[in-house]
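Subject: Structure for you to look at

Hello,

Here is the structure I said I would pass on. Please open it first; my notes follow below.

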Amino acid sequence: MNKEDVRKRICLALDVDSLDLAKEVVEESHEYVGLYKIGKQLFVSEGTSSIKIPQSYGRDVFLDLKFHDIPNTVESASRALVKHNIKMFTIHSMGGKEMIQAAVIGVKNGVTTYGKIKPIILGVTVLTSQDENSLRDLLIDKSLDTALVSYARMASENGCDGLVCSPNDIKTIRPHICKEILYVTPGVRLRDDKVSDQKRVSTPEEAIINGSSVIVIGRSIISSNDRIEILKKVYKEVEKGLEGK
């Protein structure tokens with residue numbers, strides 16, 4: 001197993017609000033990280049300039065804006081983001097099949113328009129901060145597993161290339177999916193870390209053994225006084241998980 005085999009499984013969430021801090025984090029971490037997640041915090045603060053920082057270090061970008069809107073708007077946004085050469089982006093499966101199909105059309109048209117590589121479309125199933133109680137608050141009276149499978153199938157059957165879910169959800173979802181797809185998993189913590197607002201979590205090793213294609217980890221590293229030491233622990237766990245598969 002070479003270093004790239006491990007590195008491409010690790011996505012670091014750049015949950016910061018300035019380009020200077022984002023650059024500092026990428027500068028010190030890129031040896032252990034294959035791609036960087038840019039979410040609403042950094043994107044709203046700094047816009048598309050934030051995308052260029054990981055790319056300047058030869059690393060891929062996962063743009064996590066979780067599109068959830070009327071189909072025409074999602075199609076237009078999906079077409080526009082192709083120009084930025086990102087590796088993958090998210091839409092909410094809860095937006096329904098017409099919205100998902102619109103995202104697929106938008107990406108296809110974007111590739112034609114801008115001549116760029118097709119980004120991977122990830123369908124968000126159920127957020128890792130949610131459980132059955134929070135689903136009921138949304139008037140969803142199905143079990144968590146039923147909701148997971150339903151949103152996963154809706155995403156995969158309407159054109160998504162991968163899913164965002166908890167590592168623990170993969171064993172529930174996989175038997176119901178008829179094609180090979182990526183499983184991108186937030187809700188990953190080292191064993192001694194605080195769980196914070198996450199309700200469904202795993203360690204990096206457990207996530208890889210459960211079938212995660214890419215683990216997303218952020219606060220454990222970003223908030224640490226020794227980011228590299230934490231990253232080395234994550235890297236070792238991912239390596240151990242791959243050896244154990």
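What covers the buried residues of α5? This is a predicted model, and in it the cover includes β3 (60-67), β4 (88-92) and α6 (97-114). The buried residues in question are Val74, Ser78 and Leu81, in a helix that spans residues 71-81. Their arc around the axis is only 70°, which puts them on the same side of α5. The spacing fits a general rule. An α-helix has 3.6 residues a turn, so residues three or four places apart point the same way.

The barrel

Eight strands close into a barrel, in the order β1-β2-β3-β4-β5-β6-β7-β8, and their pairing is parallel. On average, neighbouring strands of this sheet are turned by 25° against each other, direction ignored. Strand β1 (residues 10-13) pairs with strand β8 (residues 214-217) in the parallel sense, over three bridges. In that pair, Cys11 stands opposite Val216 of β8.

On one side, β3 and β4 run parallel and are joined by three bridges. Leu63 stands opposite Phe89 in β4. Between these two strands the chain passes through α5, and this β-α-β crossover is right-handed.

The other pairing is with strand β5 (residues 120-124), again in the parallel sense, over five bridges. Here His92 stands opposite Val124 in β5. The chain goes from β4 through α6 to β5, in a β-α-β crossover that is right-handed.

Helix α4

The buried residues of α4 are Ser50, Ile51, Ile53 and Pro54. Seen down the axis of α4, they fall within an arc of 150°, so they line one face of the helix. Among the elements that cover them are α2 (19-29), β2, α3 (40-46) and β3. The face turned away from the buried side of α4 carries the exposed residues Lys52 and Ser56. Just after α4 comes Gly58, with a positive phi of about 75°.

Lys66, a residue other than glycine, has a phi near 45°. Lys66 is found in strand β3. With a relative accessible area of 22%, Lys66 is partly exposed, because the buried class is kept for values under 20%.

Leu139 is not a glycine either, and its phi is positive at about 65°. Its place is in the loop between α7 (132-137) and α8 (144-157). Is Leu139 buried or exposed? At 78% relative accessibility, Leu139 counts as exposed.

Thr185

Thr185 lies in strand β7 (residues 182-185). Its relative accessibility is 0%, so Thr185 counts as buried. The side chains of Thr185 and Ser212 are joined by a polar contact of 2.7 Å. Leaving aside residues up to four places away in sequence, Thr185 touches a list of residues that includes Cys165, Ser166, Pro167, Ile170 and Ala207. The list also includes Val214, Ile215 and Val216. Of these, Val216 is the residue that stands opposite Cys11.

Ser223

Ser223 sits in the loop between α11 (219-222) and α12 (227-243). How far apart are Ser223 and Val16 in space? C-alpha to C-alpha they are 10.0 Å apart, although 207 residues separate them in sequence. Ser223 is exposed, at a relative accessible area of 60%. The side chain of Ser223 reaches the backbone oxygen of Arg219 at 2.5 Å.

Where to begin

Regards

Key:
Residues numbered from 1 in each chain as written. Predicted model: local features only at pLDDT ≥ 70, side-chain atom pairs only at ≥ 80, totals over all residues. Heavy atoms only, no water. Helix = DSSP H or I, 4+ residues; strand = E, 2+ residues; numbered from the N terminus. Buried < 20%, exposed > 50% of the residue type's maximum accessible area, 1.4 Å probe, protein only. Polar contact = N/O pair within 3.5 Å; in protein donor to acceptor, adjacent residues only side chain to side chain. Arc of directions from axis to C-beta. Contact = heavy atoms within 4.5 Å. Pairing = 2+ DSSP bridges. Right-handed = clockwise from strand over helix to strand, strands pointing away. Axes fitted to C-alpha atoms, helices over the stretch in contact; angles between N-to-C directions.
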